[in-house]
Structure formats: C-alpha cells, structure tokens
Amino acid sequence: MSRKRTAVLISGRGSNMGALISAAMVPAFPAEIALVIANRPDAKGLERAAEFNIATAVVDHKDFSGDREAFERAINDVLKEHKIDLVALAGFMRILTPYLVNAWSGRMINIHPALLPSFKGLATHERALDEGVKLHGATVHFVSAEMDDGPIIIQGAVPVLDHDTPDTLAARVLEIEHKIYPKALELVASGKAKVAGTRVLSDTGQEADTGLIWPQ
Ligand code: GRF
C-alpha cells in the first residue's frame, strides 16, 4: 500500500495536526504526514511537527501584501516540491481563493468546530451557546469555494451542558475533533470517501459509512 503523502496547514497550536501525526504513526494508516506548512512563523505547531522530524515550511501571508493568489501559489509550490497527495487544513486561518481550492479539489479537507451547516465562520462556541442549541460538535469536510462549506465526510457531536462557557464547550468539542479528523483522513486516503457533487460517497457508489461519533 502506498501511503498518501499528506500536508497539514496550520496557523497556531496545531493540536489537530498532532492528532493526525499520532494516527499516521501506525504503519497501516493510509496517510503519512509528510509536511506541515504554517502561515505564521510563530505557529506553535511548527515546533511540535519538528519534534516528530516532519518537514516544516513557513509561507507568511504578510510577505504577499494582500495578494492572496500569490500567497497560495507559494503554498502550492511547496506542496508540489514535497510531492504532496492530500492537504488537511487544521486551524489554518486564511480564507482560500478558488486558485488553491480548484488546484486541490477532492484532495483538500478541513475541520470546522461546529455541526455544519450551522455556525460557519468564527466564534462558533459562543454562537452555539447564544442560540441555546443542545447539540454541538465538529465537522470534517472537503474544501469547496465557499468558506466552511463542501461535502461532509464525518461529524462528531457533543451535548451542550447548562453551565457550559465557550471555553468548556470548546474543550469538549476539541476532544471530538481529535477523534474525527484522523478518521476522516483515513477514509479519504484509503479512497473510501470521495466527493460526488455535494455529497460524499464510498468507492462502491454507496454512502460512506462515516456516521455520527459520540464521545466514548
Ligand atoms: C480547531 O478548533 C479547529 O476546528 C479550528 O481551529 C482550531 C484549531 O486548533 N478550525 P488546533 O490548532 O488544531 O489546536
């Protein structure tokens, strides 16, 4: 089995990146984390990746004076240089243009800390509490041109408790993020989850058996 060379794109602490690295340490896992790219030189996750001897690169968006496509071309060059097959966005805080989205169509996934299509964008936990939802969670999806949109691969749900604050809720959601992201990468890298229009199908043309994951 050839493992899919996967790049993880981060902006900060990289705990989801860490979960992907841990999962990919198992030899049978269908993806290897071959590269970590950050758009901020001070992204904490870079140190963590280096500790695992994973190649790292910084492509600082500030060097491109607002030219988003030039920034993405630079990222794409690094991805090509490292012969990357799949890209996993993990707390990568840049809105992508159609340039990078189209270049990696069906091969780029993202994790969002909410049960999409609810609560796209930022401050998802605050907004979930404000709306009084009883169920919240996280979603891994293929990346499409719209922000926090695209075919859903897997979702994990957590209950919202009466005394939750944005921080306690975020911590509960983060735990489930660390479970569903490796699972989603496994499904995509093994070819079991593929984009079919607005949905994700398995390689037999049936719905992928991804399901809802609850905390154990
Ligand atoms: C996660 O909650 C992720 O869902 C969101 O940003 C956060 C990144 O956390 N997109 P980390 O850097 O993976 O720890």
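Modeller: The model is a predicted one. His112 lies in strand S5, which covers residues 108-112. Is His112 buried or exposed? The relative accessible area of His112 is 3%, and because buried means under 20%, His112 counts as buried. Its surroundings can be listed by name. Leaving aside residues up to four places away in sequence, His112 touches Phe119, Lys120, Gly121 and Thr124, and also Gly137, Ala138, Thr139 and Asp148.

The wider protein provides the setting for this residue. It contains six helices and ten strands, and buried residues account for 50% of its 216 residues. Of the contacts with a separation of 6 or more, 63% are between residues 24 or more positions apart. As to overall dimensions, the C-alpha trace spans about 50 × 45 × 35 Å along its principal axes. A compact globule of 216 residues would have a radius of gyration near 17 Å, and the protein has 17 Å, so the value agrees with that expectation.

The protein exposes about 10600 Å², of which carbon and sulfur atoms supply 51%. There are 23 positive and 27 negative charges, and their mean positions are 4 Å apart. To return to the part requested, His112 is a buried residue within strand S5, and the residues it touches include Lys120 and Asp148.

Conventions. Residues are numbered from 1 along each chain as its sequence is written. This is a predicted model: local features need pLDDT of at least 70, side-chain atom pairs count only at pLDDT 80 or more; totals for chains, interfaces and linings use all residues. Side-chain values use heavy atoms; hydrogens and water are left out. Helices (H or I, at least four residues) and strands (E, at least two) are DSSP runs, numbered from the N terminus. The radius of gyration is taken over C-alpha atoms; the globule rule is 2.2 Å times the number of residues to the power 0.38. Buried means under 20% relative accessible area, exposed over 50%, partly exposed in between (1.4 Å probe, protein chains only). Contact means heavy atoms within 4.5 Å. Accessible areas come from the Shrake-Rupley method with a 1.4 Å probe; for residues, only the protein chains shown count as cover. Lys and Arg count as positive and Asp and Glu as negative; His and the chain ends are not counted. The place of a charge is taken as NZ of Lys, CZ of Arg, CG of Asp or CD of Glu.
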